[in-house]
Amino acid sequence: MSEPTIEQLKAFYDLCVRVSNLLQTIELTRYDTRSQRIVVLIGQTILVEILSNGEEIM
């Protein structure tokens, strides 16, 4: 079973801090083992994917 990389976890933490500073809610978080990406749903419409190198895709 694969796990998120350190870069992904750091990016995820930074994203959570930025989202909470904007008083937005994180509705869903998931680690997709097939694509090895962290997927985050912010509010009802913003979807962010964090790649294994820590890069964020909106």
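**Entry 1: strands**

I began with strand E3, residues 46-50, and found that E3 and E4 pair in the antiparallel sense over two bridges. Within E4, Glu-56 stands opposite Ile-50. I kept in mind throughout that this is a predicted model.

Next I traced the whole sheet: it is open, has four strands in the order E1-E2-E3-E4, and its pairing is antiparallel. Strand E1 (26-32) and strand E4 (56-57) are the edges, each pairing on one side only.

**Entry 2: the helix on the sheet**

I then looked up what helix H1 (residues 6-21) does, and H1 packs on the sheet, touching E1, strand E2 (37-42), E3 and E4. The direction of H1 makes about 5° with that of E2.

**Entry 3: the core**

Which residues make up the largest nonpolar core? I listed nine: Ala-11, Leu-15, Val-19, Tyr-31, Ile-38, Val-40, Ile-42, Val-48 and Ile-50. At least two residues of this core come from each of H1, E2 and E3.

Setting aside neighbours within four places in sequence, I found Val-19 in contact with Gln-24, Thr-25, Ile-26 and Ile-42.

**Entry 4: positive phi**

Leu-23 is not a glycine, yet has a positive phi of about 60°; Leu-23 lies in the loop between H1 and E1. I checked its accessibility too: Leu-23 is exposed, at 76% relative accessible area.

Gln-36, also a residue other than glycine, has a positive phi near 55° and is found in the loop between E1 and E2. Gln-36 counts as partly exposed, because its relative accessible area of 38% falls between the 20% and 50% limits.

**Entry 5: salt bridges**

How many salt bridges does a search of the whole structure find? I got four.

One of them joins Arg-18 and Glu-56, with the closest N and O atoms 2.8 Å apart. This pair links distant parts of the chain, Arg-18 in helix H1 and Glu-56 in strand E4, 38 residues apart. Both ends are partly exposed: Arg-18 at 41% and Glu-56 at 29%.

Arg-37 and Glu-49 meet at 2.7 Å, N to O. Here too the partners are distant in the chain, with Arg-37 in strand E2 and Glu-49 in strand E3, 12 residues apart. I noted Arg-37 as partly exposed at 27% and Glu-49 as partly exposed at 22%.

Lastly, I saw that salt bridges with shared partners join Arg-30, Asp-32 and Arg-34 into one network. Within it, Asp-32 and Arg-34 meet at 3.8 Å, N to O. Is Asp-32 buried or exposed? I found Asp-32 buried at 12%, whereas Arg-34 is exposed at 77%.

Terms used: Residues numbered from 1 in each chain as written. Predicted model: local features only at pLDDT ≥ 70, side-chain atom pairs only at ≥ 80, totals over all residues. Heavy atoms only, no water. Pairing = 2+ DSSP bridges. Contact = heavy atoms within 4.5 Å. Axes fitted to C-alpha atoms, helices over the stretch in contact; angles between N-to-C directions. Core = buried A, V, L, I, M, F, W, Y, C linked by side-chain atoms within 4.5 Å. Buried < 20%, exposed > 50% of the residue type's maximum accessible area, 1.4 Å probe, protein only. Salt bridge = Lys/Arg side-chain N within 4 Å of Asp/Glu carboxyl O.
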